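Open the model in your viewer and keep the selection tool at hand. The stops below tell you what to pick and what to look for.

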Amino acid sequence: MALVAARYALRSTRRNLRRTALSVAGIGIGCALALFADSFNRGRDRLYSRAVIDNGVGHLRVVPAGWRRSRDPQLRLAAGNAALAAARELPGAAVAGARARAQALLAMGTRVVAVEMVGVEAEAEQRLDRLARKLRAGRWLRPGERGAAVLGQAALDRLRAELGDEVLATAVGSGGTIESAMLTVVGAIATGSEEMDASLCRTSLADVEALTGLAGPAEVTVLLRELAAIPAARSALAARLPAEDVMTWEELTPDFKGHIEQDAAFSRLFTGVILLVVLLGVGSAQLASVLERRREFAVLTALGTGAGRLVRLLAGEAILVGLAGAALALGLALPVLAHLHRTGIDFRSLMGPGWTFQGVVVEPIIYLDLGAWVLPEALGISLAATLLATLWPAWFVARTDPAEALRSLP
Amino acid sequence: MTEPVVVARGVEKVFGEGAVAVRALRGVDLEVREGEFLALVGPSGSGKTTLLNLLGALDRPTSGALSVLGRDVAALGRRQRAALRLRGIGFVFQAYNLVPVLTARENVEFVLELQGMGAERRARASEVLDELGLRDLAGRRPAELSGGQQQRVAVARAVASRPRLVLADEPTANLDGENAEVLMHLMRDLRDRHGMTFLFSTHDPRVVTHAVRVVTLVDGRVARDEAKAGEAPHEILPGVGRAEGARP
């Protein structure tokens with residue numbers, strides 16, 4: 001914009017300071033709310049994804065070809081050791097561990113509980129699955145230890161078992177035979193969710209292999225250092241393991257992903273409604289500002305100012321109001337976001353200490369996201385809102401008939 | 001013989017339609033040559049402002065032929081008329097109509113900026129303001145100026161780009177006698193120095209005395225078109241001849 005036109009735009013915003021201040025306040029508050037909503041959404045998405053990933057799902061999982069469709073726990077990797085080695089050599093991998101699963105019944109006396117028995121590598125699993133760190137009593141599995149199991153507290157309670165007791169594990173073997181083994185309870189896990197605790201059983205990979213008669217791991221789970229590294233890591237693993245399938249955490253938990261997307265859509269709708277209200281308010285103020293200056297625009301048109309130029313003049317004013325709105329939004333939002341980024345919003349009093357969804361324990365403390373995205377988003381929302389709000393008044397101005405306006409307006 | 005700046009043949013302008021139609025102009029014939037200093041007079045409602053709007057390409061005639069600066073106004077679209085006004089026509093309004101948030105110099109510069117003039121526009125604006133005796137008031141906004149000073153700024157804005165045609169609608173209507181006199185002298189000086197064509201409407205008989213040619217409109221028609229005795233257009237500006245369309 002040229003020099004005098006820029007001054008015109010700047011000073012025009014000061015013609016009716018109260019109206020300009022209200023417009024800036026409307027944009028600033030609306031934009032601050034939108035920033036808060038987005039920060040909350042990002043924090044919640046991160047909470048959900050971390051909950052899923054840290055719950056043992058990992059960022060990536062190498063599974064047998066065909067498992068994606070059938071989800072058959074009896075399938076085993078074609079080359080489990082090679083898969084584990086490839087995962088551990090992956091740049092950006094924090095930890096990788098092998099597992100095998102079996103649907104099993106645990107019995108003690110006349111009491112029986114159904115569990116998902118997961119055979120793990122003791123050391124790696126403690127880093128892969130935060131449930132392994134939620135011991136309420138006893139200890140975790142030791143590397144190379146056989147015949148030991150860590151159960152959920154609810155499973156223990158239902159079996160009326162205690163630490164040190166032996167429980168009978170029964171599962172279907174590879175040929176369809178029923179196989180059994182005795183396991184000593186060495187630890188109890190309390191996730192905060194009784195439903196989860198009732199079906200939780202961790203033992204060694206070797207014990208599951210022996211019980212099921214199926215050799216080798218059924219999956220290799222990889223925890224990466226960064227979420228953003230998933231696509232590259234996946235490609236690298238898939239290239240090295242052509243006989244296996246590599247799945248992301250989102251593919252492994254599609255229902256969870258759908259829930260996150262549903263929440264995000266609702267949040268976007270909420271933000272959209274806020275911005276629409278702001279848009280209508282600012283649009284109304286802009287229209288009033290233009291109507292007051294109809295004669296001035298008619299004069300400018302008479303002097304030869306084209307419609308495009310008039311629209312640019314109004315856009316210049318809108319940009320100034322938008323920039324002020326963005327500054328106000330950042331001023332309002334940043335301290336709040338910074339505080340809640342640090343302390344989080346604790347929903348435990350509403351949801352309990354461990355809220356579970358789709359088999360994932362979620363600790364309901366949402367730490368708001370705060371990053372470089374805030375600045376461009378504040379500018380983008382404010383400028384888009386003010387420029388959109390200026391469209392109708394600008395169209396009105398562009399259609400001004402100078403002769404008619406000069407004749408009829410005082 | 002100089003080129004005609006304005007050629008109107010049977011120009012009519014009708015506002016509204018049917019029973020409520022108002023025939024503001026009823027066949028105006030007029031030819032204005034370069035360098036004329038022409039007063040458009042007539043009673044209220046005679047069509048002066050309507051004719052000025054047509055001559056300024058702010059509006060298009062309902063019928064008849066109207067050429068302004070060699071362009072057929074009826075055939076021009078909105079954008080082309082805006083370009084014609086920007087490049088060739090200056091306007092002075094009765095109510096000054098300066099942009100209130102800009103200073104006197106910025107008001108003048110604004111038009112030059114719209115025309116795409118570069119860094120020299122500030123010097124040009126200062127030069128024109130000097131010519132109109134406004135050097136010391138260049139930094140003031142319209143609200144800080146008297147009516148006479150505002151109208152001089154409006155004249156400066158109109159002539160800054162050296163348009164060939166300057167149209168003024170009742171330029172002295174809001175001024176006292178002294179300021180009206182000053183303004184008319186300044187306008188004639190500008191016309192004498194730069195050869196612009198000035199065409200202004202007025203009710204003020206004192207202002208009419210400054211005109212070289214007086215066209216009287218009555219009921220939307222040219223009732224009289226006369227050059228002032230002893231002051232024919234060609235005598236005022238060397239090289240400018242009597243308008244061919246002028247009638248005694």
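This is a predicted model: local features need pLDDT of at least 70, side-chain atom pairs count only at pLDDT 80 or more; totals for chains, interfaces and linings use all residues.

Zoom in on β7 (165–169) and β8 (197–201) of chain B. These two strands pair in the parallel sense, over five bridges. Which residue of β8(B) is the bridge partner of B:V166? Select B:F198 to find it.

**The four-stranded sheet of chain B**

Chain B has another stop: an open sheet of four strands, ordered β2-β1-β4-β5. Here the pairing is antiparallel. The edge strands are β2 (22–33) and β5 (71–72) of chain B. Each of them has a single partner strand, so one side of each is left without a neighbour in the sheet.

Select β1(B), residues 4–15, together with β2(B). Nine bridges join them in the antiparallel sense. For one of these, pick B:K13 and its bridge partner in β2(B), B:L25.

**Where the chains meet**

Show both chains. Here 19 residues of chain A are in contact with 21 residues of chain B. On the chain A side, colour α1 (3–12), α12 (294–302) and α16 (402–408), the elements that give two or more residues. Which element of chain A gives the most? It is α1(A), with six residues. By type, the chain A side has nine nonpolar, five polar and five charged residues.

**Two helices side by side in chain A**

Select α2 (17–54) and α11 (254–292) of chain A. Their axes are 9 Å apart, and the packing angle is about 175°. An angle over 145 degrees counts as roughly antiparallel, so that is how α2(A) runs relative to α11(A). Colour their contact by residue type: 17 nonpolar, eight polar and five charged residues make it up.

**Helix α9 of chain A**

Last, select α9(A), residues 230–240. Which of its residues are buried? They are A:A233, A:R234, A:A236 and A:L237. Look down the axis: these residues cover an arc of only 165°, which puts them on the same side of α9(A). An α-helix has 3.6 residues a turn, so residues three or four places apart point the same way.

What do the buried residues of α9(A) pack against? Show β1 (60–64), α4 (80–89), β9 (219–224) and β10 (244–248) of chain A. Then turn to the other side of α9(A), where A:P231, A:S235 and A:A239 are exposed.

Finish on A:R240, which also lies in α9(A). Is A:R240 buried, exposed or partly exposed? With 17 other C-beta atoms within 10 Å, A:R240 is partly exposed.

Definitions and conventions: Residues are numbered from 1 along each chain as its sequence is written. Chains are lettered from A and ligands numbered from 1 in the order in which they are written. Two residues are in contact if their C-beta atoms, placed from the backbone, lie within 7 Å. Ala, Val, Leu, Ile, Met, Phe, Trp, Tyr, Cys and Pro count as nonpolar, Asp, Glu, Lys and Arg as charged, and the others, Gly among them, as polar. A residue is buried if 20 or more other C-beta atoms lie within 10 Å of its own, exposed if 12 or fewer, and partly exposed in between; C-beta atoms are placed from the backbone. The arc is that of the directions from the helix axis to the C-beta atoms. Axes are lines fitted to C-alpha atoms, for helices over the stretch in contact, and angles run from 0 to 180 degrees between N-to-C directions. Angles under 35 degrees count as roughly parallel, over 145 as roughly antiparallel, 65 to 115 as roughly perpendicular and the rest as oblique. Two strands pair if DSSP finds at least two bridges between them.
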